[in-house]
Amino acid sequence: MTQAPDPLERFYSVIPAGGIGSRLWPLSRADAPKFLHDLTGSGQTLLRDTWDRLAPLAGDQRIMVVTGRAHRAAVEAQLPELADLNVVLESEPRESTAAIGLAAAILQKREPGVIIGSFAADHVIKGAILFRQTIVEAVAAADAGYIVAIGIRPTEPAIGFGYIKTAAQLDIPGAPNAQSVDSFVEKPDLATAEAYVASGHYLWNAGMFIARADRLLDEIGAAEPELLAGLLELADAWDTPRRGAVVDRVWPKLKKIAIDYTVAEPVAARGQLAVIPGQFDWDDVGDFASIAKIHANGRKRDLAILGEGARVLADSASGIVVSHTGRMIALIGVEDIVVIDTPDALLVTTSANAQKVKAVVDALKLSGSSDVL
């Protein structure tokens, strides 16, 4: 039996487990967000899959989870190995800079010089060996002082992902595949995405960042000094009896802003952001079309069926059905359909329109129909 490799030195994994995944409504809700579902058929939630992927890299005592107070019980039920001191609870969502920055500030105070990696709780990754090789390189580049992103070589002109434009190869010991980043690009339209893929100079942005905690905090401070001051005040009180009072006072006042804007984009503009191209399979499961694709294994005419006890009768149908009701669902002569059947809400759309589900959620909020959100 092959012995598992040792965890990486000085490395700490951080899992931001927030957001409701509005493009996966009505399956993903405020009280049961995307990361608490099994969307791959693995028999485990996406959160558990993420933990199992990171534990060999950091060790199960060196994984911190940042999540909402309302999700604490569910998260701890999924992750019984999670150490209590590594549970960071948000009283309300404040976006990724606050979530990742607080984790960095707490860990830097506990362990100066620590290298952290932020990994979303709700992504699907296949290829454990290739994933580890990529993170090993990322840690080496982070130790050399870079902020490091992970990019994925595009397999198609996807419009649901952000892109990273690469520049020159970097000479970093232990990171032979590291490249400098020219810029981050928001989700493009189809024609632009096709041009990106054809150029060979763009990677999908996998939303993973690796850096020394002190470097990350410096960059947050350069962009948002008041936000950094709040994070440092929280970290200073975190492991003391003052935590609760300081969190209640400081956290709600922190600016809501994504880490792409406070760190990734300005650092890239200065030529201090590195990207490691990952060779592993990756998907952020951003909509139901992504889930259908994962289950189709390249066979577009397949129908993916998820849900314990799902009852589906299909003839000449393809797409995805998720059923949590036990209701009989019959599909005849429909292609690329999406049917999500829950006790209080039914969604019917197509894979091509899966990205528009968020607009439905926005409309429900405006209409006051919060009972189904």
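User: What radius of gyration does the protein have, with its 373 residues?

Analyst: This is a predicted model, where local features need pLDDT of at least 70, side-chain atom pairs count only at pLDDT 80 or more, and totals for chains, interfaces and linings use all residues. Residues are numbered from 1 along each chain as its sequence is written, and side-chain values use heavy atoms, with hydrogens and water left out. The globule rule is 2.2 Å times the number of residues to the power 0.38, and the radius is taken over C-alpha atoms. A compact globule of 373 residues would come out near 21 Å, and the protein agrees, at 21 Å.

User: Is Phe184 buried or exposed?

Analyst: Phe184 sits in strand E8, residues 179-185 (strands are DSSP runs of E, at least two residues, numbered from the N terminus). Buried means under 20% relative accessible area, exposed over 50%, partly exposed in between, using a 1.4 Å probe and protein chains only. Phe184 has 13% relative accessibility, so Phe184 counts as buried.

User: Which residues is Phe184 in contact with, leaving aside neighbours within four places in sequence?

Analyst: Contact means heavy atoms within 4.5 Å. On that basis, the partners of Phe184 are Ala149, Tyr163, Ile164, Asn205, Phe209, Asp260, Ala264, Glu265, Ala268 and Leu273.

Conventions: Helix = DSSP H or I, 4+ residues; strand = E, 2+ residues; numbered from the N terminus.
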